[in-house]
Amino acid sequence: MIPKGLTSKHFKQAAAEINRLGVPAERNSVHYDLVIEGKRYPPKYIVSLAAKSATGKEYPAADFNAVEAKNYFLNNGYEVIDRRVEAEGSVVDEDDESAFPEGRESYKIHHHFERDGEIPRQAKAKRLDEVGKLECDVCGMDFHRVYGKLGHGFIEAHHTVPVSELAGIGKKTKVSDLALVCSNCHRMLHRGSSLLTIEELTQLVHDK
Ligand SMILES: [Zn+2]
Ligand SMILES: [Zn+2]
């Protein structure tokens, strides 16, 4: 049971004590964060400290559990964050091509130009011929350098012309329309609300 008679004043005092002294490692919370004045605290430890400032003695943590503490604060109008839910919310399932903000159709068309046919192959061959290696145009990653023999000759082609501009009849992909990028950078190019340019992503990598 949560001790009776605790008020927002006691919780603020508890928060102030944590601000001053920190949280002992064994009192950190596993799943929940209680929000007090914009900062996050372990709910159970806040209850213990609040009880101490209200009654003069610390309340044993074993007398109530984390879910009780969470519900107690929620019922009293506090914000309690479940870190598991928070973590799930920030992860997008990118295996589903509909997760690409450009939309499913333009994603498919875009990748058709990058994957199929002769042009991506020519672009890689030309690069190998000119500089002797296949490095990512954004971050410089080289699959051969990182993965050895397995990575030799591997890089992804990225079409730099937006699909909307490719729609014209008879417009063919040219080698010069293709950038060569590692798989990570390729995903990031497509991740924004519109296609990023190679220059924009390179800038991001350097500014981070
Ligand atoms: Zn890269
Ligand atoms: Zn692409």
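Is Ile 155 buried or exposed, and what is its relative accessible area? Ile 155 is buried, with a relative accessible area of 2%; buried means under 20% relative accessible area, exposed over 50%, and partly exposed in between, with a 1.4 Å probe and protein chains only.

## Basis of the report

This is a predicted model, in which local features need pLDDT of at least 70 and side-chain atom pairs count only at pLDDT 80 or more, while totals for chains, interfaces and linings use all residues. Residues are numbered from 1 along each chain as its sequence is written, chains are lettered from A and ligands numbered from 1 in the order in which they are written, and side-chain values use heavy atoms, with hydrogens and water left out.

## The chain as a whole

The protein chain contains 10 helices and five strands. Helices (H or I, at least four residues) and strands (E, at least two) are DSSP runs, numbered from the N terminus. Of the 208 residues of the chain, 34% count as buried. Contact means heavy atoms within 4.5 Å. Among contacts between residues at least 6 apart in sequence, 60% join residues at least 24 apart.

The ideal angle for four tetrahedral donors is 109.5 degrees. Cys 136 counts as buried, because its relative accessibility is 5%, whereas Cys 139, at 39%, counts as partly exposed.

## Ile 155 and its contacts

Ile 155 lies in the loop between helix 7 (143-147) and strand 4 (156-159). Leaving out residues up to four places away in sequence, Ile 155 touches Lys 124, Leu 134, Glu 135, Cys 136, Phe 143, Leu 180, Val 181 and Cys 182. Ile 155 and Leu 134 are 21 residues apart in sequence, and their C-alpha atoms are 6.6 Å apart in space.

Phe 11 belongs to helix 1 (residues 8-21) and is buried, with a relative accessible area of 3%. Apart from residues up to four places away in sequence, Phe 11 touches Leu 6, Ile 36, Ile 46, Ala 50, Tyr 72, Phe 73 and Tyr 78.

A search of the whole structure finds seven aromatic pairs. The rings of Phe 11 and Tyr 78 have centres 5.9 Å apart and planes at 85°, so this pair is edge-to-face. Rings of Phe, Tyr and Trp (its six-membered ring) pair if their centres lie within 6.5 Å; planes under 30 degrees apart count as stacked, over 60 as edge-to-face and the rest as tilted. Because Phe 11 lies in helix 1 and Tyr 78 in the loop between helix 3 (66-75) and strand 3 (79-82), the pair ties together parts that are 67 residues apart in sequence. The rings of Tyr 72 and Phe 73, with centres 5.4 Å apart and planes at 80°, likewise form an edge-to-face pair. Phe 11, Tyr 72, Phe 73 and Tyr 78 form one aromatic cluster.

## Helix 2 and its surroundings

Helix 2 (residues 43-55) has 13 residues and reaches 18 Å from its first C-alpha to its last, close to the 18 Å expected at 1.5 Å a residue. The expected span is 1.5 Å times one less than the number of residues. The buried residues of helix 2 are Pro 43, Tyr 45, Ile 46, Val 47, Ser 48, Leu 49, Ala 50 and Ala 51. Their cover includes helix 1, strand 1 (32-36), strand 2 (39-41) and helix 3.

Pro 42 lies in the loop between strand 2 and helix 2 and is buried, with a relative accessible area of 7%. After helix 2 comes Gly 56, whose phi is positive, near 95°.
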